[in-house]
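Biologist: I would like to learn how to read a model like this one, feature by feature. Could you take me through it?

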Amino acid sequence: MTVAVPVLQENPVLEPVYRAYVEALNASGFAGIIATDYATRLVHATDNSVYQLLPQAVLFPRDEADVSKIFQLADKAEFHSVQFAPRGGGTGTNGQSLTTGIVIDVSRFQNRILELNVNEGWVRVQPGVILDQLQDLLNPQGFFFAPELSPSNRATLGGMANTDACGKGSRLYGRTGDHVLALRVVLNNGDVLDSARLEANDFFARKHQPGREGEIYRLVDEACRHAPVHPGASRLGRFITAYNLWHVVNEKTGSFSLNPLLCGSEGTLALVTELKLKITPLPSQKALFAIRYKSFDAALAAAQDLLKHQPSAIETVDDKILTLAKDDIIFPKVKPYLGDNQDFSGNAINLVEFVGDNASEFASRAEQLKAELPSAPGVISFHFTTDKAAQAALWDLRKKGVGLLGNAKGKRRPIPFVEDTAVPPENLAAYIREFRELLDGHGLSYGMFGHVDVGCLHVRPALNLRTEDDEATFRKISDAVYALVKKYGGVMWSEHGKGFRSWYGPEFHGEDIYRRMRQVKTAFDPRNQFNPGKICAPLKHENTLYEPFKQTRGELDRQISVSAETDAPGALYCNGNGQCFDYRMDSVMCPSYKATGDRRHSPKGRSGLMREWLRQASNAGVQLQPVSLSAAEKLKREWRRLPLLKTADDFSHQVNEAMSGCLGCKACNSQCPIKVDVPSQKSLFLHHYHRRYPRPLRDYLLTSMESWAPIAGVVPHISNVLLLNPLSRLLARWTMRLQALPRFASRNVYDLLRARKARRFNAKELSRLSPDQRSHTVLLLQDAFTSFFDTDALASAVRLLERLGKRVVILPFQPLGKAEHVKGRLPEFIQRAQAAVKQMRELAELKLPVISVESTQALLFRQEYPMHVDCSGIAKVQTLAEYLASVDDALPVKRQPIVHLFSHCTEKTQLAESAGQWQRIFKRFGVELRPVNTGCCGMAGSYGHEREHDQESRLLFEQSWSDSLSQARGKGLVCATGFSCREQTHRLGAERVPDPATILLALLS
């Protein structure tokens, strides 16, 4: 084993033709971004599938003119071999957007809603617009875009059109293509074509005009006129061929539309730059049944009876997903609607939705079902609701099904490859029975959920493609399911597109239909430059398609050392579901991605880079576990690394750039269904990176803060003068790249202890407390932030607890090491953790509550410490909210204003009950507390103080907190739970926001 990571120089260079192409594109006036760095290419080498293809480059066009430039250049003879694949949200489950050529990512810049015409019922959008982004515009005006997808917070409309996506309610509303009025697409020579339906006369004129467009109309007309209808299409609402030949020409009227070809074409024909979409009025009535069944079979069998009541959707979730949901942030929201017994073994849930505008008819159908359910076969219980929040929570549970399955424990994880098969609904029960026998025969576990009203069920068998045995099973299952689908008159790809599964296309479609599909491909893309290897190849080209059993991530992951599965599991198990791309600014998920728009700076991006780093480090024989060093060895190591500061062409630098932007908020650890923990990955990486390259001086200052703050806090006024004078600020800015340091509180924990000498910690005295005294005594854990910089929060907690009759004992200050973990000084962090755990183990014998005012410090004992040291037998460290919510004490307040709560983002994600606990506490005092829905404030420990992150920090505050804070201040009082948040509001909001205890104390005074 090597001591430190060597230079990792495996950065694949561009092939000569691609290097020449990007150089020519750069010289052409292309206004977007051309990325050829290994990190960006790696991030775009994977999607939500099991595959990995490294592109040559990634292009981010700013507008349609940029897209035209891309293909005008590709039309030149020397670049005819250059290949392209479009990419939107990157949530495809079958490798649709993966290529070894050039990825064109439209999501970064082409994401504007261009025009809304409510009177005529349409909207024009760019392809990078996200579904929820459009719904947020339409819903307040009484409309919505009908296809409802599970990844609606990151799925782009361009991607939805390219896969002809559908989801919940498709029986009522159909597919995306049914709502596309027209597309603007760029052809392979850079020309722009509008796909609006043409009447017979217009079509006749258009196909006889000269040029590329006329040629396409002539060839497509020849391929599609009198095209035979696939036998499965008449029996299956979820049928899709990729090129819907028989819908192009209306044989009765002679009208003609390219939309059926382009919708579902997966970027194999042209690149979409604009969509004109039909919008649908929102139904005035909505209700939802959550029906729990004894078995999954009972839930499936019930679908046919449920359809008699004409619901808009019936969705099924099995016991595996329900059980996994119990450990997810979603569960507290749905728990009240799933029945009293929370053991879901063998059970299943049907979510049955009713929508409509006729109130009496709507109520009649719902009441009829209510009357039937108590005696219906297999029903355990049911919950009926018209409450919007309850319905949203239950649908969120269903939406999270894919991600939750990905978080199943063990090396085998449920993966997509047979997950959107569909058969006629009347065949579903028999089909699923054989499907389950197939999987059980291979000894596989699996989860099931889906749209039983239309015969589509999502099934994800658990496999470990890092093993050759499971790779072989992968193929066997895929082939067997294809045969099973054919037997029951179904289709292999009902809503998630073909991608690599195009492999089955020639045999599935038959010779005539498939030849016509190749004619269509020839009309649009005769040189096979658009997403080759998917759907079909043009005529006169060899019909080479990607095999769905090769190019898997597992092939590369086999090179990663076994220890990495323990040391950095998030990097290996990230399945690319893209939950971290949530577009809403009030979502706490990954603020660094929201601030930059760069997918390298997302949990998915960082995990992908970490996977590759682990692969290269494993091949270099690197030992991942932190190594403790003596002080002399540390000093010797620091000097030895200085000459390596400017080592070039090291892949580790690219990983470091991505990791350095992580705020450490840990939203990924709860919001991501896989529970990817990027801060822990970052800590491990930085530990190894700085074993080779010197640390910034800033790291030493920040990580030693818990050592020097208690000393400086003895004389806070002098310390502030020394640290915050203009010269010191200038030195900090230029030598350590720090914007500023927080100001020491003029009255700190020392003053608090001097004023209350009886509260000093004395273990012997506490061990002699009577039972009555013990029941009123609490221990307060110090942290550097509230002890020395924001002591008002600590003092308010003390005084509030005292007003409630508690005897508060402040524990001796003990460095907890949060900064060491953030900066990757893992040996030092482990030493801090061992000392803190030892203290808590000794305190456990006192059996007294231990409270931390700063919730992030309490979380250290639950999350970071157990990863590195034995935490058994320690006293439980509670947050102030957890403790106050557990007692019944309350006092009358002098006044009862409305108080608005701004929660720390880490607290919101890791302590989901916190806001509710504070609400109950304030309610007990007779005060209404309203949690404010915000994302990250942009501070996150030292992040907001670091010069290179200052712009992103300010942007995050403006995007999420600034307006909300102004509005809340105009309606009542405000408070914030986190020290970082209070520091940021003081820095950028002009006025420091108090903590909840300070507000409560003020209302009592």
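Modeller: Gladly! Let us start with a pair of strands: strand 19 (residues 777-781) and strand 20 run parallel to each other and pair over four bridges. This is a predicted model, in which local features need pLDDT of at least 70 and side-chain atom pairs count only at pLDDT 80 or more, while totals for chains, interfaces and linings use all residues. Residues are numbered from 1 along each chain as its sequence is written, and side-chain values use heavy atoms, with hydrogens and water left out.

Biologist: What does it take for two strands to pair?

Modeller: DSSP must find at least two bridges between them. Strands (E, at least two residues) and helices (H or I, at least four residues) are themselves DSSP runs, numbered from the N terminus. For a bridge to look at, take Leu-780, whose partner in strand 20 is Ile-810.

Biologist: In what order do the strands of that open sheet stand?

Modeller: The order is 20-19-21-22, four strands with parallel pairing. Strand 20 (807-810) and strand 22 (877-879) are the edges; each has a single partner strand, so one side of each is left without a neighbour in the sheet. On average, neighbouring strands here are turned by 40 degrees against each other, direction ignored. For such angles, axes are lines fitted to C-alpha atoms, for helices over the stretch in contact, and angles run from 0 to 180 degrees between N-to-C directions.

Biologist: And which order does the sheet with mixed pairing have?

Modeller: That open sheet has four strands in the order 1-2-4-3. Its edge strands are strand 1 (33-35) and strand 3 (84-87), each pairing on one side only. Neighbouring strands in this sheet are turned by 20 degrees on average, direction ignored. Within it, strand 2 (residues 57-60) and strand 4 (residues 102-105) pair in the parallel sense over three bridges, and Ala-57 stands opposite Ile-102.

Biologist: Which helix lies across those strands?

Modeller: Helix 1 (residues 16-27) lies across strands 1, 2, 3 and 4, and runs at about 160 degrees to strand 1.

Biologist: Now accessibility. Is Pro-55 buried or exposed?

Modeller: The general idea is a scale: buried means under 20% relative accessible area, exposed over 50%, and partly exposed in between (1.4 Å probe, protein chains only). Pro-55, in the loop between helix 2 (38-43) and strand 2, counts as buried because its relative accessibility is 0%. Contact means heavy atoms within 4.5 Å.

Biologist: What about Asp-699, buried or exposed?

Modeller: Asp-699 has a relative accessible area of 5%, so this residue is buried. Asp-699 sits in helix 29 (residues 697-703) and touches His-690 and Lys-823, again not counting residues up to four places away in sequence.

Biologist: Why is helix 45 described as largely enclosed?

Modeller: Seven of the ten residues of helix 45 (residues 979-988) are buried, so the rest of the structure largely encloses this helix. Among the buried ones are Phe-979, Cys-981 and Arg-982. The cover includes helix 36 (784-789), helix 37 (791-803), helix 44 (950-969) and strand 25 (973-976). Just after helix 45, Ala-990 takes a positive phi of about 75 degrees.

Biologist: To finish, is Leu-722 buried or exposed?

Modeller: Leu-722, in helix 31 (residues 716-724), is exposed because its relative accessible area is 57%.
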